[in-house]
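Grab a pencil and work through the exercises below. Try each task yourself before you read its solution.

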Amino acid sequence: MPKTNVNEINRNIYDIKNKDNYDFKIKKGLTEDIIKEISNQKEDPEWMREFRLKALEIYNKLELPTWGPDISELNMDEIATYVKPKTKLNSNWEDVPEDIKNTFDKLGIPEAEKKSLAGVGAQYDSEVVYHSMKEELIKQGVIYTDMETAVKKYPELVKEHFMKCVPIYDHKFVALHGAVWSGGSFVYVPKGVKVDIPLQSYFRLNSPESGQFEHTLIIVDEGASLHFIEGCSAPKYNKVNLHAGCVELYVKDNAYLRYSTIENWSKNMLNLNTKKAIVGKNAQVDWVTGSFGSKISMLYPMSILNGENAKTEYTGISFAGKGQDLDTGFKVIHNAKNTSSVVNSKSISKNGGKCTYRSLVRINENAKNSKSTVSCESLMLDDISISDTIPTNDIRTDEVEFSHEAKIGKISDKTIFYLMSRGISEEDAKAMIVRGFAYPISKELPIEYAVEMNNLINLELEGSIG
Amino acid sequence: MEILKLNETPKRTSRNFNINNIKLENVEIPNNIGKFENLALIYEKKNIIVSEDVEISKLTYGLGEVLEDKVLKNSNVTKKLKINGKIKEDIILEFKLDKNNTNLIENIEIIAEENSQARIIIKYESEEEILGFHNGIIRVNAKDNSIIEIILVNLINKKINNFISIENTLSANSKVDYKIVDFGGKNSITNYYSNILGENASNTINTIYLGTDNQVIDINYIVELRGKKSNVDIKAEGALKDIAKKHFKGTIDFKKGCKKATGNETENCMLLSDTAKSIALPMLLCSEEEVEGNHSSSAGKVGEKELFYIMSRGFSQKEAMKLMVRAKFNNLLEKIYNEKIKEQILTKIDDAFNTNF
């Protein structure tokens, strides 16, 4: 019987390598001198310099995780943690050097900016090379800038929030991030301001044997709303690259934030990213996440529901192909009355790829009348792949409604038979089922990313799966 | 006194989730265990050979080295039951800890020969006020086409630590069915492992647990499916009141080659107080494509509507809650045909509700 082949992601666009043409690249390794040099290069204020050194101290004390994928191949002595591209921060694409601009052109960023975005930030290696936002948002008091500018221009706001949501002692790679962070975006949406069109930051790592450690800090003030999109990619090299970014989201009372990510790192990337949101009274944060790239990912966005009636939704899909170990999931802590969380996770494993869904739902003693619903589904497309589901459900009070369900399996013969009995060919039926499986997630993505995702999970409509 | 780190899950998750193992402080493991003579062993002599020549090899998982070694090297009861044929009458092992038999460390091995069939009831109980210690291993080897039903009842008092490790091997077309009642023990820690090797082999585990006062219940079920068309069904129903705490860790692991295997796991925990704690880790691990695996887990308080309905019929809240718990456990209880044991279990449920809420 002919086989339908669910293609792995077409990486042609993402794999375009530019010459490693930097202005400054720090020597490999992680020492106090290196941290001081990064701090000098970035002209940090004193408090940030001290913060970096403190983080390094904590990094050296903390152990590697004793669980999850094997990351023993990561050798920090082989990673350059800071690579400054040969350009300054620009607000006009024409001022961005040709090779860097071409990369972002091919990724469709300037085009998307014209069509459907209210602002764009573009980071190349360790620094943001382009940042721009529509005039009307500036007038409304919205701040959207690179993190370095924010540290200098809004020191009080940054000091109050920087690595307070994700403290540096959370885990080893957060401490590493605290020591070497560079680039990223800062967003402040003032009280009551509704940003109807999304803002997008795109992170591109070009330099081999290096790391990207961007810091994203978003504050959505009371009653305000925002949709923020984050994209990331890198070309493939033979040696390991590291991404240990950090995202801190503060969603104040009655505010709303939707945080969408399409992560499409190259398959030599270790993606050890940390994302956390603190959610106030009557506020909501929604996460939409597509994880397609990287060799190893350990990524578990987290919502801390601190205010009464706070809500969160997580919608995520992972697609692991040959040589990939994607350990992803979600964490939520219910810390107040009437809070609710909804989790919908899907994964597809193919060609020896491994997908793990790992999660935590904790409903604390003070979170009376809270609700949580978790659903995760895993699709195996061959018998050499692996799919694991490892959810922890920690319920500490009685007045809750909590349910969790998970399914694992292949495409059902019965469903294929049903569709075929309606006159659809076997090939079309199977392709339809795979698309249908991914649809609940793809419909939540911004349209251009949904199209990209459908291209990524491209079906050749011949024969059967499995 | 030592800190015991027990009952490791087959795959670790984040340390901050506090579920990879359980750490118990102030657990006294007796050096001098003495004799244990209060065992009633009732069985049909025909087709059953009882000996003391038990297996002493290491367990695949188990609770941990300290407790396992204690059983393998230092048990005070060893029983090997070799079953050959279809046994009509229940085989009963009743252990009762009393002032003369305070420590029970047993090593039980059950071998079901091909085409054999038996139901075995293993019950642990104790006098209400005694201090003691229980640590046991039960191994079951179900050979081709055998059918084994095990009813495991833990009703020991809440002063005694209860540790038990179970390991099953299932050959082709065998069926191993466990009904577990886990009510007793200060800390009740269970490790259960099934290795389903044979084609069409099937393992079912139905558990009810009840945690009251400051009891800690730690359940770690691990089932590995290797045989084609093999099956596992795990169903756990529980209730927690007062400041009781429960960890339920259930792993269904589809190993490569177990084509057309199925596995289902559900765990539902009824929380009867706002200080009881329930942690669940229902794992599905899968290295085979052609399988069907499902798990679900839920937790919450007693349904307000149901409670109101029962109370509107003249029952007090306490009575209504007791009825709800009994109803929840009834699916399993109605399959325990030994009336005397069933009555003992029901009395334990009633006792739990006779204390203050």
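Predicted model: local features only at pLDDT ≥ 70, side-chain atom pairs only at ≥ 80, totals over all residues.

Residues are numbered from 1 along each chain as its sequence is written, chains are lettered from A and ligands numbered from 1 in the order in which they are written, and side-chain values use heavy atoms, with hydrogens and water left out.

**Exercise 1.** Work out how much area is buried between chain A and chain B, and which residues take part.

Step 1: Count the residues in contact (heavy atoms within 4.5 Å). Chain A brings 44 residues and chain B brings 41 residues.

Step 2: Get the buried area, meaning the accessible area (1.4 Å probe) that two parts lose on being put together, summed over both. It comes to about 3400 Å², with carbon and sulfur atoms giving 49%.

Step 3: Asp383(A), Asp398(A) and Ile408(A) supply 17% of the area that chain A buries against chain B, more than any other three residues.

**Exercise 2.** Find the salt bridges and the strand pairing across the interface.

Step 1: Apply the salt-bridge rule (a side-chain nitrogen of Lys or Arg within 4 Å of a carboxyl oxygen of Asp or Glu).

Step 2: Check the strands (DSSP E runs of at least two residues, numbered from the N terminus). Strands pair if DSSP finds at least two bridges between them. β26(A) and β20 (residues 292-301) of chain B run antiparallel and are joined by nine bridges. Within β20(B), Ser297(B) is the bridge partner of His404(A).

**Exercise 3.** Is Ser116(B) buried or exposed, and what does its side chain reach?

Step 1: Ser116(B) is in the loop between β7 (103-112) and β8 (117-126) of chain B.

Step 2: Ser116(B) has a relative accessible area of 1%, so Ser116(B) is buried.

Step 3: Follow the side chain. The side chain of Ser116(B) reaches the backbone oxygen of Glu113(B) at 2.4 Å. Leaving out residues up to four places away in sequence, Ser116(B) touches residues including Ile83(B), Asn84(B) and Ile147(B).

Note on methods
Helix = DSSP H or I, 4+ residues; strand = E, 2+ residues; numbered from the N terminus. Buried < 20%, exposed > 50% of the residue type's maximum accessible area, 1.4 Å probe, protein only. Polar contact = N/O pair within 3.5 Å; in protein donor to acceptor, adjacent residues only side chain to side chain.
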